[in-house]
Each structure stands twice: as structure tokens, then as C-alpha cells.
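Student: Hey, I'm new to this one, could you walk me through how some of the helices pack and what sits in the cores?
Tutor: Gladly, let's bring it up and take the topics in turn.
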Amino acid sequence: MHIEQLEIECFGGLQQVSLKDLGQGVEVIHGTNEIGKTSLLEFIRAVFFGFEGLFRRGVLDPKLPCSGRLIVVTGKGPRGKRERHRFIIERRHEGPGIASLTRESYEDDIVGLGGDEGDSITVEQLDGTSTDAQRIYLQDIVGDIDEATFTSVMAFGLDELHELRTLEPEGCGSRLYELANGLDRSRVARTIRQIEEALQRLAQGDDEKTPRQLLIEKRDALRKAKSDTQSKYYVGDLFIEHTKVKREIASLEKAVTNAAATESLARDALPTSQLRHAWQELSGELELLKKVALVHPDFDGWQHDIKKRKQISRVVKKRLNERRRLARELASYDTKTAVWKKRVEIKSLLEDRSQIERLIADVTRTEAHATLAARRFGEQIGLCGLTKVISVEDPQTNDVGMAVVLPEGLSLSFGPLRNRARNCKRASRAVASARKQVARARSELAKAEQQIDKDRGALSGSTLAAALEAATEQSAAIRKRISAGERLNELHQTITQLEQEMGKQLASQVMPLSWLLGLGSIFVVGAGMLLSGLLLPSVVTGPLAYVIAALGLAGTGVASVMTWTLDKSSGARLGETRRQHALALKQHKDVTAQCETLDTKISKPSRQFSYSSKEVNDSQQEFATASQTSLERRAARADAEIIRLEHMATYEGVLRSHKDRISKSKEKLKLAFSRRKKSVARWQKSLEHRGLPNTLSPSEVWRIGTHRHELLTLDDDRRRLSDEARHKREELAATSRRIEAMLVDCELLPEGTSLDQLQQLDDLLNKQRLLHDRQKTCARKLERARIRHRQAIRQLKVCDRTLKARLERWDAATEEIFLSKTDRRPYFDELTEKTRIAERTWRDGRSRFEDPTLLDTWIEQASKISFEQRLSDAETATKELRESLRIQKTRLGEIEQEIQLAGKNKSSETIQQQVAVVDDQIAAHDQRIDLLTSTREILERTRAEVARHHQPAALIEASYWLTRLTEGRYVQITTAADEARLDVHDAAGAIWNPERLSRGTREQVFLALRLALVRDLHEHGITLPVVMDDALVNFDDQRAKAASRTLVEFMNDRNGDHQMLVLTCHAHVATLFRAAKATVRTLGSKQISGDRTEGDALPQESC
Amino acid sequence: MFDLLFIGNPAIDKAIAEPEDMPQSLVARLRGAPLKTLEKTYRLAIESQAQGIVLCGSIMDPARVSPAQLVALRQLIIEAADHDCETLWVATNPADAQEYLRMLGEPKGLSFASSLRPWTKTIRSTTVELWAVSTEADIERIATQSSFEPLHRQIIVGSDTCPDNDHDNDHSVQSFLSSSHLLQPNTLAVWATQSSSSLPQHVFPLPSIQSRRQTDSLNTGCYGLTFYRPQFDGDSDSHLGNKCTVDQWKKLPVSEVIWRTLHIESADEDHEALSQLLWEACQGLLGTVVPEVDETIAASPLVIIDCKIACGTSITRRLEVNEIAPETKRILRERCAAASPHIWIQTISADVEEPLAALGRNRSGGRPGASNSFTSALADLVTEAETASPETTVQREAGWLALELLESE
């Protein structure tokens, strides 16, 4: 791409400046200082990348407008096609809003966010091949390059040239590394730096101590904390003490066992010694007893007295038994019975036996009479039909005949009942009559409804009113149709007359031929005279000519006026006639339309009501004929239909009257029902008043009334006889109750008749008399036995006194004591046995001792040391040993508890865990350091290796151009292994740091690097023009010459459309470039800086 | 059946660091795992009717051991003694014996072997003499005191564990282990160590019965020694062929916690597919880690797994794997927790043991300045370093880290 034309409208100090016809290759623009070369450089940058950077850097004031355009020629189209295209790129900064902009508005360094107020860019294709669909963007022309790169590499002044003096990791330095087509070694540097920082953090930490030292201190602190808590022998000493205490316990248990055995021996020896003492005492007593007699003489006397007493005792016992037996027998005689007590009353009852028998016979007789009367009464009740209405008053009564009770109201008069019966009958008749009326009204209503339904069926569902209305309308339409037909005929006649009249008027409108000839002749003559007077020369005609012309004119005028007048009068008449004719035609048309409408209306069979099929056919046929007659017939039929419908309407009125009748009849029926109900209620009330059931009918009541007096008579008889029988029965019952009361008093159950009961009392009384005699005999025997028993008792008491005297004599409380004192043989035997047992017990006790001699010894020494003393000493020893054992066991338990606690004591395991964590952290820390160290080493080694063998292609390119620029004195540019600088190799192989090179050489190096970068950008499709502003100012003549030659060579070496604009203020530089066959333009100060207000363009070219 | 059971470096007071995100159920298994492993070994000894249990190396630290651990160890010793199984404490320092004896409360069935006084016992008519050695002088002294006798076994036991710095992997070869005395018939040298490669062939390495971390977890367990054991055709156990062709030296996996590393390849799977791949690999791994010894001994150990994803030299993929690793780990942990309570997925990361040689091969074919020149150079350097010292993988890990850092820059 190259810039073909440059136009500045306003840009800083430049106003209306243009450079035209710039070409490819090196274009040297030579001008004096302050002519605006640097402004041109800034303008080109601004057109490509905007004014923001200039505003931000303060090169331009954002409040002032600036604008301009570039016309560029590219070798590729907007879509990358390899075609030649011309584009105009116009950028403007203007508008009312820019007055508020400041430099700070562009501080954000982001295009579009800050002061983009008023900025606009226009990119258009000048050859006109682009369309709206192919919109051109600036990036399509500029390529993928940013402003910084363009400024540093392609559009630079002397200041920017030195920006590449050091290879910073960022920016172009990074770009340079990336050009190695491989890894960005600045990234390697950053990575190594990050690793070193990480290592530094790991090695040093934030505090004075390193993280590893902190971890080790933490671990040591944890270990120390563990060691400080408890002695390490604590658990072992516990177990050792445990074993020791267990051994102590074992020895103590043995000692306690021995002491307990001694104590037990002493405890056993004490009773054994007592056994020996008891044996010795018994032996002494036995020896004493052997020396005296064992039986006393009182013992025999005692035996005799005892025998005698036993005999007397047997007699006493026998007589006592006899006495008891007689007493029991006497007691068994029950003479205090109720019969015996009531014997006087019973005797009086027995004396009334004959009277009771007579009373029984009377009762039987009177009951027979009462039964007969009751039967008659029952028969009479059955006869008058009162069986089902008479209730049994007291079914429990014994009086069978009185079970049936006549109602109390039967004795009242039956006259009111008859009135009530008549009222009921009347009410029933009224109900029947009302029912008949209702039925009749209903039947009439049904008939009317049937008729209406029949008529309504012809209406095919429509209402009667609608049908009537439809029929009326039909009739009116037919009437209208008839009148319209008549009107139509009239109009037809009128039209015919008007047409005839019009024909006549048309015929009269043509004037008569004579009139026409005359008037025409006059007109012709007049016209000829006029023409002759006007056209002929006055010489020929003379003054007559004027007369002739005037006459001609007058004649012509008269003819014309006449003709017009005649024509106008006839035309007016004809017009009037035509108007009337048209009016008549219009009316005829309206009437015809009305007829058609009416015909249509008439011809439609009414949907509101349906005729019979025959009628419909007729009407249609009649309508088809459409004659006047038929219309009149149809009108008559429609009237008949209206009449019929009106009849139907009348039926409907009748129907309503029927319904009214029905409702009235129903009301009457309801009234009749209520009256009958009241009558029945009064009838029932009357029946209830007389005690009769309310279900009785009047006929039944009539029959009852007929037999009422006879029933009352029979009822009186029945009652009288029944009362008599009841009195007899009550009398008999009173007697029977006396007998039964006696039986009850005698504790007997009343059974049978009164006579039987009297007989039972008589038998009982006789039996009591016999029993009483036997009791008296038994009492006498009992008295005799009591006397004999008392005699025997007295003898027994004498014997007892004798025995008691003997006991008192021997001072014995009991018989056993007396016998033991008078007979000592059993005691001797017992003592002998006791002595033997005591001896054996002592022997056994002694034999139980393991060492009997020890017992013998203790017994021998009992006088010195008692057995009690020995036992007390043994108990004390055992107690002391057991206390010691208990203490040891307690201690053992405590130790075991401590061991158990120790077994659960895992407190230091937490510290172990923490130590393990810290150990892991230390190991991870060390491993991390090792890994990072190894990573850093390997990166450094790799970087050195790559730096040695893999220099970037751009540096190779730069080395070539450096050789050309320095004419072989410096041959190579390389990057240092540490990436912080460039190394420049001279022809002798020496490596130079660019900082140590001379300024001119250093700028040659940087220029070579830029050329290499431009070449690289070109390979990446970026072909922007290169603009240099006095970049060769520090070169001496030789370097400048070499540089100009090299730059021209560089541009020629590149294929395609390229451009380099070299801005310089030095004439020798321009001369050198001119010598190198570059295009040189010389700018006058007048054209750029002096004539700002004139707006003149720069000279096209001045070589 | 074993005559003697050798336990190396039980270190009952040295805990295993608990991962922060491990659930409490697994942490409970992790806590006290060294002591549980020792208990399991004692049960194995009792069940196999061993005559003695030899404890050597780092057994416990008097300053760190908890009372509960002391009580438990004492209980194990007494319980074994009740079953006629004596516990032999190999004390490289004779003065330590009294200290340990007192710490444990002088339990019955506990004996000490030192370099001055051997432990002697007749096992199935064989007189066994066990010495503790720590220096060359000890071996020389033993050599002067011992004499070859029929039916005699001399066992020399030592360890390279330094109590003060037991995390250092200083497994330097003890030069005195090459002594000719150890080559004598009926002499068995056992060395408690973490590194088997640094020992002479005639010295039998005795690893720790319970590893503490991933790095030392490959070789763990105890060893059973049987004198005059009849050989079977299918017996694959190691035998002391050069000394006693019928003595058996068998490794027994008893560790309560074991670490395993799972290597799989993954090209472009997302976290769900990757977790599925890892789960399948975990299932395959589970079958191999279940101990083959008697089932009564082996309650399933807790398996802590590190998953290494080989990414086929793609640095981008490695970064992606490290990025999706947390989510993948979460999914995989959920599946493992649901399927097997014995598995804990500790880490998922790109495989640092993957060789970088493949990256370096392309360099020779590429022109200078090719896109992979730096990577190729780095890979070649790492490969060269590995060739020079094949026992370390630090260079490889560093190489991957460097490439990942550069890629993520």
C-alpha cells in the first residue's frame, strides 16, 4: 500500500495542506525546520489510528477541530482480493461538543470510551466498485497492527528509534521474541522470575524466619510439649507397681489365711474345753446318785390314790353322759309350737265348720245367676253389633260377666249424633258434587286444548299471534299489490299518452318549408348584401354598398331571430313533455319495483304458519298467473285465514276460562273437603264424647241406638247379680282368710279349701297334745340323773384332796415333780446317758483338732492364758492382716484404674498427628523447593540452549541489514541468554552491548531491527507505508550514504506495493537519497507553514 | 506357620498425616493405623504359631509415644506370651533395653537382643541366635564369638533408621554389611530399611510394616521366617537358597493403610468421562490390593489412591486435566464412597512420570525456530538428565512443571 495523496484541512498548525501524486518506493520529503514534517508524520498516524493518542499526549488540543484525508492505493481489495484499489480515508474531529473535551477525556486509553465526541472516520473506495454490501473497514486496509507497533516500527522519528534500544519483555521486545516463530522467550523469563519469586517466598517467607524453620520450630515445640507433660516411665512404673502390689497381696492373703486358721482354732477350742468341763460335772453327779435309794414309800400310796380317783372319774363321766342325754332328749321336745299357742283360736274355728259349708253353697248359687245374666247381656251386645267396639274394662277381675263394660256415653241421648251424621252426609255430597264439577271442567279444558293443539299443529310451531300477524301482513301485501297493479296500469297509460304527445311535439318542432325558404332567402340575401358591401371595392359599389350591407345585415338578423324564437318555444314544450315522460317512467319503474317486491313477498310461502299442501300449491299457481283475479282470490283467502286465526284466538280465550273454572271448582272441592273434614271431626268428637270409637259409621251408631235401652236393662241385671255373688264370695273369702291367717300363724302353708285347712289344723292340734305328755315324762328322768351325777362329783373331790396333800408334803407343784422326787430311777438313767453323750462330744471335739495335744496343752495352760484371751489375740491379728490386704487391694484397684486411664490416654496422639502433619508440610515444602529449583534450572538450561541454537529469524534479517548499513563492520545481532539485552557481533567476532556502541552505530542497529520487523509485518500482511522523520540525523556522511542506499535497496528488495516516506530537513540527506535513485520532494516554508491561511496546496513536486 | 515374624520400623507413635478433606469415617481408620497394623501382625503371629516376633528399627519414640500406645503394645506382648510367642526387641544400643523395659512395665514375654548379648532360643530343635548390629565392630565381635554348629542359625539384625531424622531418605549402603561373616552358612542378615536397592544381595531388606505417605508405600509389610520348611512346586516365596535351601523368608502384607498410584491415559475426556475412566481403573486396582493372606487377618485395608493422567505430551491437556481435577475428584469420591468404603481418592493430576522423550524427538526434524523448539530442547535436556540418573523423577516432574507454567503464562 502506498499513500497517493495527502490532504489536511486543519491539523494543529497546518491548514489546507495537500501532497499529491506520491508514489511507491522511497519518497524523500525535504523541508526546512518547522515546516511541518513532524506534523505530517503525526497526521499520517492520526488518520490511520485516530486523534486520541495525540490528544492524550498533548500534541493536539481536543477543543480544536482537526480533519484531513489520505488517498491510498492498495494491492488488495476490501476482501483481500489481489486487485489494485484506491481508497480515501477521511478522519474528522469537529462538532459543537468538542468544546467541552479536555486532555483528561482521553486518559482512559481506551478508544471510544472517553472523548470520542465529534470524531468520525469515513472510508470509501474511489473507483466506485464497492457497494453497500461491501462495506469497507479501516482494518481491512491497515491490517492487524496496533498504533504502538505502527509508531515504534513503521512511523517513527528519532525519539521512537531509540525505543528499541533495550529489549523489554513487553511491547516490541516481546514482539521480537515472538518472531522467532516459537516460544516467546520473554515468557520464559517471566516464568523463571515467577519461579524465583516463589522460591524466594518459600525460602525466606514474610518474617525473619523461613517457612521451613517455622515448621521445624513448630514440630520441635510439639515434641517438647509432649515430653513435658508426663514422665516417659509413667506407664511402665504403673505396671511394675501393679505387679509389686499383686505380689504383696498374694503374701498378705496367705498370712490372712493362716491368721484366720489360728483364730478359727481358738474359736473352736473354747467350746471344746467347755464340753470337757460339762462331762466332768455330769460324771460327778452320777457318782453321787449311785450312793442313795432310788424309790420312796409315798410313791406306792400315790399309785393307789391315783387308781381310786380314776375309777370315780369314770363314774362321774358316765353319769354326766346320762344327764346330758336326758337333757338333750328333753330339749328335743318342741312343745312351744304356734299350734299349741293358738289352740283356743283353732278350737273356735273348728266349731264354725258347719257355717262355712253353708256359705260355700250360697256362693255357688249366686255366681250361677250372675253368669247367666252376663251371658244374656253378651248376646244382646252381639246382637246390636257392639262386639268390636266394647272394651274389656278389667280383664283381671274374677267377675267374668263384668269384663264387658258399656261406654258411659251410651246412656246419653243419641239425637245430636244423628244431626252430626246428617251433616257429614251433606258434606260428603258436597265433595262429590265438587269433584264432578272439577272433572267436567277438566274434560272441557282437555277438549279445548285438543282443538287448540290441532289448530296449532297447522301453525308449524309458530305462535298464534305471529301467525295472525303474518296473515295480516300477507293480506295487506296482496292489497298493496292490487293497488300497485292498478297504479302501474295508470302510469302505463300516462306514459303512452306522453309519448304520443312528444311525437307530436317533435313533429311540430320542425318549421314549415315555406317558413324555412322565406327565412333562408332573407338570410341569404342579407348575407350576400353584407358580403358585397364589405368586400367589393367602394369604387364599384359606392355608397349603396353600405346600404345593401345594412339591409343584408338586418335581413339576416331578422331571419336568425325568427328561427331562434320558433325553435325555442317548441323546444320548451318538448322539454316539458319529456320531463313529464321521464317522471312517469321513473314512477313506473318505482311502482314496478314495488310490484316485484310485493310479488316476491307474496310469492314466499309464509313461514310463520303453514298452509296445507294443496293450499300452497294453489297459491303458488295463482301467484304464477299473477292476474288480478287471482290476487283478489288470494286476498279473500288471506282474509279467511285471518278469520280462522281469530277463531283460534277465541278458543284460547275459552281455554283460559276453562282453566279458571277448573281452579274455581278445585277451590270449591277444597272447601267441600274442609267442610267434610270438620263434619267428620265433629262426628268423631261426638262419638268420643259417648265413649264410642270414632271409627263407627252412622249406620252402626243407628243400630246401637236401637238396642240401647235393652242393653242398659240387661246391664243393670248383670251388675246386680254380679254384686250379690261378689258379696257372698267376699264373706266366704273373709272366713277363708281367718283360717289362712291361722295357718300362717301356725307356720303352715295354706293349701286346699277352707274345709281342708280346718281339718289340717285339727290334726295338728291333736299331735301337739301327745307330744306334750312325752315331755313331762322326760323331765322327771333328768332330775333323777342330775342328783346321781352330783354325788359322784363329791367323791372325786375327796380323792383330789388326798393327792394334793401328798404333793404338798413333797413340796411338788406337779405330779411329775412328785414322781421324780419319790422315784429317781429315770433321773439316774438320764444322767447316765448325758454323761455318756458329754464324754463322746468332748472326744469328738478334741479329735477335730489337727493337733489335739495343742488343745490339751491349751487346756492345761487355761489357768494362765484363758481361751477367751487366746481368741481375742487371734482376732486382732487377723483383723490387722485383713486391713493391710484391703489397703493393698485398694492400691491395686487404683493402679488398675490408672492403667485403664493410661490405656485411654491418647492426648499425645493428637500431637503425634500434628507432628505428622508438620512433617508432611516440611516434606512437601522441601519437595516443592526441590521441584521449583529443578524447574528453574531446567528452564535456564533450556533457554541457554535455545538462545545458542535458535535465534529469531527477525534477528537474522536484522543482522543482514545491519551488515548492509554498517558496510560489513557489524555482522550479527543476537539476543542474550538472559533476554535482557541485544548482543551485536562485529566482523571480528566481538560481542557488543548496544549501550556501549556509538550513537550512530546504535541507531544503525535499531534501524536494522526496524527493517527486519517491517519485513516481518509485511509477511504477516501488513503493508502500511514506512514514515521516517529525520531518523538519519545522527549519521555521518558515510553512514547516511550507506543508510540511504540500504533503504532504497530495502524498498526495492520488497515485491509489491510499498512506500517509504523519508522526512528530512537536511539537504545532504535528500541529495544522498536522490543519488540512491529515490524520489525527492522539496517543500518550501511558504507552502506549509507560511501560507496556512491561504489554503494553497503544496507544490506537486520539485526535484 | 512361621517360626519367627520380623517387623521393621513399626513406629507406633508416628502418625499418618490426615488429609483435610477426608471424611471422618476414613480418618478414624487412618488414626492409629501403625498400631492397628502391629496388632494385625501380632494376630498373624499367634495364628501362625510363631515362636517369636522380632521388632527392629524404629519401634517407638519414648518422647512421643502415648500412654495408650504403650499399654496397647504391652498388651500385645503379654497376649503373644500367653500363646508362647515371645517378643524380641532388637536394641542396637544395649543401654536402651532397660529404658524400654521399664517403659513397658517389664511385661512377660519381652526379650531384648543387643550387639553385646544375643537372644537365644531353640525352635524345633534349632538353636537360634539373634544379634543386633549397628557398626562394623559389632559384626567383628559376633564373628569372634560365634562358631559353626549343626542345627544352628545365627540371625543378624540391624536398621538404618535414625530416630532423630527419620524422614530423611538416607539409605546409604552400610559398608560393613558386605562383611564376609555375613556370608557364612546358617547366618541370616536382616536390615530394616526403606531402600532395597542399596543393600548387598545377601542382606534381606525389612521394610516398614506401615508406610506413612505415598512416597514410601511401595514396599511395606512384615516377613515370616520358617526354618526347614518343605518346599512345594507352586511355592513362589523367596528362599534362602545360598545358605539354607529350606528356610523360608516370606513377605506378608499386613498394612492397614496402603497407597497406590493409578495411571491412565486421557486425550480429551471431560470431567465426567474422566471420572468414569478412573472409576473403571479403580475397580481393577481393588482386585490387586486385597491381601492374599488369610482372610481372617486381612480386613480390607484403606487404599489411598493418587490418580495420574497421562496426556500424551499435550501441555494444554495437562492444564485442562489439572483444571477439571477438582470436579473429577468430587465425582470419583462420591462413586468410591458409594461402592467401596475402603478407597480414598487423594489426588488427581496430570502424570508427571510421563516421559518427555516424545516431545524431544521432533526437534531434529524441525527447522531452527520451529514452534516446538523450546519444548524440544527442554524435553531433550530432561531425557538426558534421566538417562544420567534414572532413579530420580524430579527432572521429569520439573520438566512438566516448566512446560505447564510456560503454557499457562
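Student: In which hand does α9(A) cross α27(A)?
Tutor: In this predicted model, α9(A) passes α27(A) in a left-handed crossing.

Student: And at what angle do they pack?
Tutor: Helix α9 of chain A, residues 234-289, and helix α27 of chain A, residues 867-904, pack at about 160°, and their axes are 7 Å apart. Because angles over 145 degrees count as roughly antiparallel, α9(A) is roughly antiparallel to α27(A).

Student: What kinds of residues make up that contact?
Tutor: The contact of α9(A) with α27(A) comprises 23 nonpolar, 6 polar and 14 charged residues.

Student: Switching to chain B, how are α7(B) and α10(B) arranged?
Tutor: Helix α7 of chain B, residues 315-339, packs with helix α10 of chain B, residues 394-408, at an angle of about 90°, with 9 Å between their axes, and the two are therefore roughly perpendicular to each other.

Student: Which residues touch there?
Tutor: From α7(B) come B:I315, B:T316, B:R318 and B:L319, while α10(B) supplies B:W400, B:L403, B:E404, B:E407 and B:S408. By type, the residues of this contact divide into 4 nonpolar, 2 polar and 3 charged.

Student: OK, cores now: which residues touch the most other members of the largest nonpolar core?
Tutor: That core has 85 residues, and A:A958, A:I973, A:A1008, A:V1027, A:V1062 and A:F1073 are the ones touching the most other members. Its largest share, 10 residues, comes from helix α30 of chain A, residues 999-1019.

Student: What is A:A1008 in contact with?
Tutor: Setting aside neighbours within four places in sequence, A:A1008 is in contact with A:A958, A:W961, A:L962, A:L965 and A:I973.

Conventions:
Residues are numbered from 1 along each chain as its sequence is written. Chains are lettered from A and ligands numbered from 1 in the order in which they are written. This is a predicted model: local features need pLDDT of at least 70, side-chain atom pairs count only at pLDDT 80 or more; totals for chains, interfaces and linings use all residues. Axes are lines fitted to C-alpha atoms, for helices over the stretch in contact, and angles run from 0 to 180 degrees between N-to-C directions. Helices (H or I, at least four residues) and strands (E, at least two) are DSSP runs, numbered from the N terminus. Angles under 35 degrees count as roughly parallel, over 145 as roughly antiparallel, 65 to 115 as roughly perpendicular and the rest as oblique. A crossing is left-handed if the near helix is turned anticlockwise from the far one by less than a right angle, and right-handed if clockwise. Ala, Val, Leu, Ile, Met, Phe, Trp, Tyr, Cys and Pro count as nonpolar, Asp, Glu, Lys and Arg as charged, and the others, Gly among them, as polar. Two residues are in contact if their C-beta atoms, placed from the backbone, lie within 7 Å. A nonpolar core is a set of buried Ala, Val, Leu, Ile, Met, Phe, Trp, Tyr and Cys residues joined through C-beta atoms within 7 Å. A residue is buried if 20 or more other C-beta atoms lie within 10 Å of its own, exposed if 12 or fewer, and partly exposed in between; C-beta atoms are placed from the backbone.
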